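Please look over the structure before reading it.

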Amino acid sequence: MNSKQVHKYVQRFLEATECSILEKSPAHFTVKLSPAADRELTNRPFYWSFVDRTGSEPETMTYLFVTDKEKYEENLTSPAPAPAQAANAVDAALNRSFGFVNNNLANAVRTPREDLYFGSRKLEQLFGAAKTSGSYVNLFQEPERRSSTPFQSTPYTAWLGVNMRVEFACDRKREEIHSYGVSLATGLVVENFYDRLKNLKLTPRLPSNIHLTRNGLSYAKALGVIETSLERKLKNYDYAWAEDAAARLEEELDRIRHYYDPMIKHAEDDTKAAIEEQFNQRQTEIRWQYEPRVTASAINCGIFHLEGIE
């Protein structure tokens, strides 16, 4: 992950968490955190506990996030070139340039600075916050074209989108990701829903001149539609691998049975119980390792308001 990718990711995080970007360049952001971002990134549980108890207006922190240290410090110490038309213009430009540098230096003293690069502690915090908060999203499609009049309104349909992880496990493991979308207006279910979303511009803010269609399905009903669709799909899979795994399981159980049966048969009374317990434990471990199983779990989900009625 290079500095440009880090910069782009940080900007998306700041916008998604509704932070106020006070100043930015290709190498840095000076930002006043939103309450949500401050809770995630500043490690001030006692302060936020006080705010929650008293209902006080929170005062969030301001940070300098540097995404390209070399470029930022080069710009910080190198004033912009002055125009050469006149001496007074040169003086004015230099004063502005050095004033800008001095202001930046003063701000750096007052404002905590964090250098963000792949592997840095603060960037890992951003990743963690995005993972926690991003397990569920509520996004709107940005209209491809604006309404010609303020009285024209475009209908939007709410979709429940869920990414499901399916794990096929025995002594070997394989995973698949299935992306489903269900129209909450009509109940239409769509596979590969993520492929549809990645070609759209999505925003957490409600666009102007749109109206949301009425939902006909509850979230629980829509999730049931997804589960039924996925189950129907999985029933058509080839499960020869499970039969092979079951055969390997029986082979392993026979092997340890041949090992422990003589030991248990000839064991003294004071050691027999311990050997039997060990034998049962080994059987449990082998069943867990070899027994074929299919599990499905939701990775993340969201409500996506998309243009049109489907």
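Predicted model: local features only at pLDDT ≥ 70, side-chain atom pairs only at ≥ 80, totals over all residues.

Student: Which element gives the most residues to the largest nonpolar core?
Tutor: The largest nonpolar core has 16 residues, and Val10, Leu14, Val31, Leu33 and Phe65 have the most contacts inside it. Two or more residues of this core come from each of helix H1 (3-16), strand E2 (28-32), helix H2 (35-41), strand E3 (62-66) and helix H6 (121-133). The element that gives the most, with 4 residues, is H1.

Student: How many residues are in the other core, the one with Leu160 and Phe168?
Tutor: That core lies apart from the largest one. Ile226 and Leu230 are also among its members. Its residue count is 15.

Student: Which parts of the chain does the salt bridge between Glu59 and Lys32 link?
Tutor: The two side chains meet at 2.8 Å, N to O. These residues are 27 apart in the chain. Glu59 is in the loop between helix H3 (45-54) and E3, and Lys32 is in strand E2.

Student: How many salt bridges does a search of the whole structure find?
Tutor: One of them joins Asp195 and Lys198, with the closest N and O atoms 3.6 Å apart. Others share partners and join Glu73, Arg113 and Asp115 into one network. The search of the whole structure finds 16.

How values were computed. Residues numbered from 1 in each chain as written. Heavy atoms only, no water. Core = buried A, V, L, I, M, F, W, Y, C linked by side-chain atoms within 4.5 Å. Buried < 20%, exposed > 50% of the residue type's maximum accessible area, 1.4 Å probe, protein only. Salt bridge = Lys/Arg side-chain N within 4 Å of Asp/Glu carboxyl O.
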